[in-house]
Amino acid sequence: MAYKGRYKPKRPEKYIGNPTNIIYRSLLERRFMLYCDKCKNILEWGSEEIVVPYKSPIDNRVHRYFVDFVVKIKNKDGVTETLLIEVKPKKQCSPPKKPMKKNRRFLNEIKNWGINSAKWKAATEYAENKGWRFIIITDETLSP
């Protein structure tokens, strides 16, 4: 189930951007926002603050990808690093399994997989060019 709403941070000073206009588009994103707000190793975070251009394999045109999160952290070694983070259900992080009969749902899943793969490739290159890392966090990672 997809839920969306506004998130009000407990520590607005950590937020990159306008802390009164934070929107989550799923409960997974909301759970990650809570984590960012509470975690002391996260120095700064932002939601959909970074835009990465990517070429869609569907229409061969350039589109804009709003990466779910940008997070500046202090890692275990005390080094500060910046991460671009996509939050997705684990099921959407691998190609769909081919059913016995091709149906509309399967074709839609193939289309989404192609678009997501193109977005993630572009985000990885964008992050590497800035000396950052791009990672995907799944529902398994965020499970309580």
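Here is a short chat about the helices and the sheet of this predicted model.

Biologist: Hi! Which residues of helix 2 are buried?
Modeller: Those are Phe106, Ile115, Asn116, Ala118, Trp120, Ala122, Ala123 and Ala127.

Biologist: And what do the buried residues of helix 2 pack against?
Modeller: They pack against strand 4 (51-55), strand 5 (62-66), strand 7 (80-88) and strand 8 (133-138).

Biologist: What span should helix 2 have, and how far apart are its end C-alpha atoms?
Modeller: Helix 2 covers residues 104-130, which is 27 residues, so at 1.5 Å a residue it should span 39 Å. Its end C-alpha atoms are 39 Å apart, in agreement with that.

Biologist: Nice. Which residue just after helix 2 takes a positive phi?
Modeller: That's Gly131, with a phi of about 80°.

Biologist: Switching to the open sheet: what is its strand order?
Modeller: The order is 3-6-7-8, so 4 strands with mixed pairing.

Biologist: Which strands stand at the edges, and why does each have a side without a neighbour?
Modeller: Strand 3 (42-47) and strand 8 are the edge strands; each has a single partner strand, so one side of each has no neighbour in the sheet. On average, neighbouring strands of this sheet are turned by 25° against each other, ignoring direction.

Biologist: In what sense do strands 6 and 7 pair?
Modeller: Strand 6 (residues 69-74) pairs with strand 7 in the antiparallel sense, over 6 bridges. Within that pairing, Val71 is opposite Leu83 of strand 7.

Biologist: Last one: where does helix 1 lie?
Modeller: Helix 1 (residues 27-38) lies across strand 3, strand 6, strand 7 and strand 8, and runs at about 150° to strand 3.

Methods
Residues numbered from 1 in each chain as written. Predicted model: local features only at pLDDT ≥ 70, side-chain atom pairs only at ≥ 80, totals over all residues. Heavy atoms only, no water. Helix = DSSP H or I, 4+ residues; strand = E, 2+ residues; numbered from the N terminus. Expected span 1.5 Å × (residues − 1). Buried < 20%, exposed > 50% of the residue type's maximum accessible area, 1.4 Å probe, protein only. Contact = heavy atoms within 4.5 Å. Pairing = 2+ DSSP bridges. Axes fitted to C-alpha atoms, helices over the stretch in contact; angles between N-to-C directions.
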